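Q: Please give a close account of one part of the structure shown below. Please then relate that part to its surroundings.

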Amino acid sequence: MAEEFWDNYVYLVDVHQENRELRREVDSLKLQIAAKSEKAAFAERLEELLEFTSPPGWKSSGLRVIAHSYGPLGVLESIIVDKGRLQGIKPDMPVVAPEGVLGRTFKTGLNFSTVLLLSDPNSRIPVVSSRSRTPGIIVGQGQNKSLTVQYVHLNAALQEGEYLVTSGTAGIYPKGLPVARVSRVERSQIRLFQLVEAEKLVSVMDREEVMVLENVTKLRTGYLNFDGIIRDFSEEDMLLYEQSGYGF
Amino acid sequence: MPGTDFFTPGLVVLVQFGFFNAAFWLGCFWLLLQEGTGNLAFGTIILYYAGLAMLYSLASIFFESRNVLFMALLFLFLAVYKKGLVMVMAGMQDLGQSVHMNAESVLIQFAVHFILWMLIYNFFNKYIMHEFVPRKKPAA
């Protein structure tokens with residue numbers, strides 16, 4: 001009887017205290033597990049980004065998405081990223097994910113930049129289809145809407161399911177980056193061009209990190225004026241540029 | 001809700017209860033915040049708040065400035081004015097493709113302003129002060 005009393009009551013005096021400490025420890029461990037899981041997910045996303053190979057003549061660097069479009073003047077389909085002029089970001093630099101193009105840098109602050117997404121109606125990207133090599137210009141139509149491809153000739157053999165890649169003709173994007181997949185093609189007798197719709201390859205809502213591409217070749221099409229004057233480039237630079245395969 | 005302003009009702013309530021200094025300084029702070037987060041070049045929010053101040057001052061000469069109907073009309077006009085202003089400014093910066101005058105966004109802005117004003121005004125009225133009291137500077 002005395003032994004039972006000892007085991008069930010006296011011996012258990014410290015159990016309540018021990019229980020509280022253990023619960024506190026469990027809470028702390030739960031927090032640690034959440035932090036580690038977040039780190040593991042972050043590492044996976046970085047691994048995915050590292051798989052991306054920059055086109056020749058372009059250098060990629062990572063950006064963290066810190067905000068989406070907001071405020072009373074948030075009129076564009078855009079995101080804000082954590083690098084700006086002090087980190088070498090300039091307007092009109094391509095912003096990409098491993099799956100494809102997201103948009104381009106639009107406004108740059110000292111430490112932050114705004115990225116104009118390809119779903120914005122002001123965004124225009126010259127593309128070419130992957131199989132039939134049909135050229136066109138891909139234009140955004142707003143949030144949660146498909147993209148349209150303009151100026152596709154009626155005779156062009158564009159088909160649903162084809163991938164659209166950057167044509168490299170605008171001087172902003174390198175050639176060959178995937179942009180969208182054709183989802184609808186309609187030919188009409190009363191139109192001058194085909195009605196083509198495409199779906200984005202990258203959903204910006206899912207992205208927490210993206211990459212910006214910087215043109216590291218000495219000759220950039222941005223340096224060319226409309227009168228075609230090329231300044232400060234030697235013949236050797238010109239030759240190197242022509243060999244890189246990125247024409248005007 | 002991108003494109004929607006949430007700060008104007010607070011400013012209006014401060015002015016209605018005579019906190020002009022607080023309204024001015026908060027307005028300056030919010031102005032910088034809103035200009036910084038937006039996609040347009042600096043100046044749009046300045047024009048918006050200037051329009052708000054002018055409209056409120058003019059209208060309160062002729063109408064009772066705390067009347068619910070007056071506030072409804074003021075916020076309706078402000079919603080249209082803001083949309084029009086953003087359209088003009090975006091157009092001047094070659095970004096006009098993104099902004100269109102649609103009734104939905106104007107009504108959302110009007111509803112947000114009006115509901116927030118009702119909440120803040122009633123809260124102020126109940127817990128802070130009941131009516132506008134002119135605060136005079138102490139005599140030297």
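A: In chain B, helix H3(B) contributes Thr44(B), Leu47(B), Tyr48(B), Gly51(B), Leu52(B), Leu55(B), Tyr56(B) and Ala59(B) to a contact with helix H4(B), which contributes Phe70(B), Leu74(B), Phe77(B), Leu78(B), Tyr81(B), Lys82(B), Leu85(B), Val86(B) and Met89(B). These residues divide into 14 nonpolar, 2 polar and 1 charged. Nonpolar here covers Ala, Val, Leu, Ile, Met, Phe, Trp, Tyr, Cys and Pro; charged covers Asp, Glu, Lys and Arg; the others, Gly among them, are polar. Two residues are in contact if their C-beta atoms, placed from the backbone, lie within 7 Å.

This is a predicted model, in which local features need pLDDT of at least 70 and side-chain atom pairs count only at pLDDT 80 or more, while totals for chains, interfaces and linings use all residues. Residues are numbered from 1 along each chain as its sequence is written, and chains are lettered from A and ligands numbered from 1 in the order in which they are written.

Two packed helices are described by the angle between their axes and the distance between the axes. H3(B) spans residues 44–62 and H4(B) spans residues 68–92; the two pack at an angle of about 150°, with their axes 10 Å apart. Axes are lines fitted to C-alpha atoms, for helices over the stretch in contact, and angles run from 0 to 180 degrees between N-to-C directions. H3(B) and H4(B) are therefore roughly antiparallel, a label for angles over 145 degrees; under 35 counts as roughly parallel, 65 to 115 as roughly perpendicular and the rest as oblique. Helices (H or I, at least four residues) and strands (E, at least two) are DSSP runs, numbered from the N terminus.

Other helix pairs of chain B give this contact its setting. The axes of H1(B) and H2(B) come within 8 Å and cross at roughly 160°, and these helices are therefore roughly antiparallel to each other. H1(B) passes H2(B) in a left-handed crossing. Leu11(B), Leu14(B) and Val15(B) of H1(B) make the contact with Phe20(B), Ala22(B), Ala23(B), Leu26(B) and Gly27(B) of H2(B). By class, that contact has 7 nonpolar, 1 polar and no charged residues.

H1(B), residues 8–16, also packs on H5(B), residues 103–128, with axes that come within 8 Å and cross at roughly 40°. That makes H1(B) oblique to H5(B), and the crossing is right-handed. Thr8(B), Pro9(B), Gly10(B), Val12(B) and Val13(B) in H1(B) meet His113(B), Leu116(B), Trp117(B), Ile120(B), Tyr121(B) and Phe124(B) in H5(B). The residues of this contact divide into 8 nonpolar, 3 polar and no charged.

Phe19(B) lies in the loop between H1 and H2 of chain B. With 19 C-beta neighbours inside 10 Å, Phe19(B) counts as partly exposed; a residue is buried if 20 or more other C-beta atoms, placed from the backbone, lie within 10 Å of its own, exposed if 12 or fewer, and partly exposed in between. Phe19(B) and Met129(B) are 110 residues apart along the chain, and their C-alpha atoms are separated by 11 Å. Asn21(B) lies in H2(B), residues 20–37, and is exposed, with 10 other C-beta atoms within 10 Å. Asn21(B) and Ile115(B), 94 residues apart in sequence, are 24 Å apart from C-alpha to C-alpha.

Chain B also touches chain A, in a contact that takes 14 residues from chain A and 17 residues from chain B. The chain A side of that contact has 6 nonpolar, 6 polar and 2 charged residues. Chain A contains 3 helices and 12 strands, and 31% of its 248 residues count as buried.

Conventions
A crossing is left-handed if the near helix is turned anticlockwise from the far one by less than a right angle, and right-handed if clockwise.
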